[in-house]
Amino acid sequence: MTLDWQRAKSDFNHAWLKNRLVVGLMKCLRVHSGQVEDRHAGDALARLIAEWREMRGAACSLLDFIEQRTAKPIPPSPHDVSMFGVDTAAFLLEVERQRWLSHSSVNDSASEARREIEDLDRALSTLSSALTSRGNTFQTLIEDCLDAGRRLAERFSRLTVPRDFIIG
Amino acid sequence: MKSIIYDHKGMHGVLRKWAEEIAKSDPNIAVIREENQAKAVQELLKSESDLLLVHLEPKFWCNLIDNLEKQKCAFRFSTVGFSPTPPTGKHQNGFHVNPRTENEKGEPETPFFLPDLFSAIIGGDVLSTLRSGMVPPAIRHFISFHQPHFARALHILLQGWLAQWAGDIGHPNNAEAKKLLGLGNSIPPLNHEIDWLRMLRTLLSSSGVSVSDPTNDSVLIKRGLGSLRLEMGLKADFGESPIKEIGDLLQQALAQSNDRADLTNKAKCNAADAALFPALKKARTELSKTLRLQWEEGS
């Protein structure tokens, strides 16, 4: 599960948020300011905003999993139980989980991440309504989305979960 | 040696900015300034340079290393780093660099490792060692081929052993174990005796390197150290940290079989723990350092 979570986090934070949304918003800023020409930049941005609904769900699932991990001890895997016995495997994983809890301030970080998801949601929603009109505030709206996107990416970069197996 | 550098983020990329700086004073370094990644890959493949440092998206990286000539080497960077990855490409000459290049603000990661990595790569026999499937010590903090699963499992086991001492007020190592773990009062209760030597032997037996006689302690230790060496990309020489410290611990611990034969004899077990403590502390510290340097997937 830990490895699945790490992969899912990478898919959301690295592959989509940092490399697609933030990059797409930066491109739109450059197009809007006349630095570069790209007739498709607006359409690409609209597609990214549409994708956010799904990505938002992925981000929330990642946080749900963290909250599960903060709430209770991790049950050892059948393989670890066969290797070390159920009590010893559970003890070793609980020491690992307690170290994660005490060293990562994870409860605060997860709450902040939820707030930042809402911020990005609001910013993208406002930008979406302005996509066709592109009034005077268009640049500011893109910058708001960029700020919110970067803050969320920075937050997710720091999120971790404890290892949930010893050998496997 | 001629080198060529490309960053798909252009001047927004840390690799590109650094390349522009060093290229000013070194005629052997070329920078590709093409925005289109597909065209950049064609330029990289046509280049005479033997050393390629690149920041490319996955499909362009695959295209590059599947067509890269055998005598060349390509190093792939990422703003968020890569997990340990075996050499890739048709000729196994594509290498993933583990540390991230940028922090969350898009600034160079601190410490900025690119100059150290670059000077190590162009010096000595680093490239030929890499091609042979080993990671030279000079760059083992930057490149690794295997996920450190065995190192992590050993770390968890040693941590648990320390937690037992930290939770036992009467134990001779109680105070120092508590300090090392840094768990305050959150040490989980332990309601059963753990035969730590049996756990160590179990872990060593599970390591991936096969040996002739898995019931012999010295063979088991060899097996465990072999797994660590593989995960850390070290050569067969066990004289280096953290291998040495871990080897010392395993030898000292498994030699205590008689002292720990009766787990209910607290006094004897405590004395054995006290004798083992310095070695366990050193080994765990070395493991922690190594694991911190390894990139965790999921940035």
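**Entry 1: two helices in chain A.** I began with a question: are H1(A) and H6(A) roughly parallel or roughly antiparallel to each other? I kept in mind that this is a predicted model. I looked up helix H1 (residues 2-32) of chain A and helix H6 (residues 138-158) of chain A, and found that their axes come within 10 Å and cross at roughly 160 degrees. Angles over 145 degrees count as roughly antiparallel, and H1(A) and H6(A) are therefore roughly antiparallel to each other. I also noted that the crossing of H1(A) past H6(A) is left-handed.

Next I listed who meets whom. From H1(A) I found residues including Leu17(A), Leu21(A), Leu25(A) and His32(A), and they face a set in H6(A) that includes Ile142(A), Leu146(A), Arg150(A) and Ala153(A). Sorting the residues of this contact by kind, I got 14 nonpolar, five polar and three charged.

**Entry 2: another partner for H6(A).** I then turned to H5(A), which packs with H6(A) at an angle of about 155 degrees, the axes being 9 Å apart. That angle makes H5(A) roughly antiparallel to H6(A). Here, too, I wrote down a left-handed crossing, with H5(A) passing H6(A).

On the H5(A) side of this contact I picked out Ala113(A), Ile117(A), Leu120(A) and Leu124(A), among others, and on the H6(A) side Leu141(A), Cys145(A), Leu152(A) and Arg155(A) are among them. The contact of H5(A) with H6(A) divides into 14 nonpolar, three polar and seven charged residues.

**Entry 3: where the chains touch.** How many residues does each chain give to the contact between chain A and chain B? I found 24 from chain A and 24 from chain B. On the side of chain A, the elements giving two or more residues are H1, helix H3 (78-84), H4 and H6. H4(A) supplies the largest share of that side, 10 residues. The side of chain A that touches chain B splits into eight nonpolar, eight polar and eight charged residues.

**Entry 4: chain B as a whole.** I counted up the secondary structure of chain B as 11 helices and five strands. Its C-alpha atoms fill a box of roughly 70 × 45 × 30 Å along the principal axes. Of its 299 residues, 41% count as buried. I also checked contacts in chain B between residues at least 6 apart in sequence, and 50% of these join residues at least 24 apart.

**Entry 5: one helix of chain B.** I checked the length of helix H9 (residues 217-232) of chain B: at 1.5 Å a residue its 16 residues should span 22 Å, and its end C-alpha atoms are 22 Å apart, which agrees. Among the buried residues of H9(B) I noted Leu220(B), Ile221(B), Leu228(B) and Met232(B), along with Arg223(B) and Glu231(B).

Entry 6: Ser105(A) has a positive one, near 45 degrees. I found Ser105(A) in the loop between helix H4 (86-104) and helix H5 (106-130) of chain A, and it counts as exposed because it has 11 C-beta neighbours inside 10 Å.

Gln92(B) also has a positive phi, of about 55 degrees. Gln92(B) sits in the loop between strand E4 (73-76) and strand E5 (94-96) of chain B. With 16 other C-beta atoms within 10 Å, Gln92(B) is partly exposed.

Definitions and conventions. Residues numbered from 1 in each chain as written. Chains lettered and ligands numbered in written order. Predicted model: local features only at pLDDT ≥ 70, side-chain atom pairs only at ≥ 80, totals over all residues. Axes fitted to C-alpha atoms, helices over the stretch in contact; angles between N-to-C directions. Helix = DSSP H or I, 4+ residues; strand = E, 2+ residues; numbered from the N terminus. Parallel < 35°, antiparallel > 145°, perpendicular 65-115°, else oblique. Left-handed = near helix turned anticlockwise from the far one by under 90°. Contact = placed C-beta atoms within 7 Å. Nonpolar A, V, L, I, M, F, W, Y, C, P; charged D, E, K, R; others polar. Expected span 1.5 Å × (residues − 1). Buried ≥ 20, exposed ≤ 12 C-beta atoms within 10 Å, placed from the backbone.
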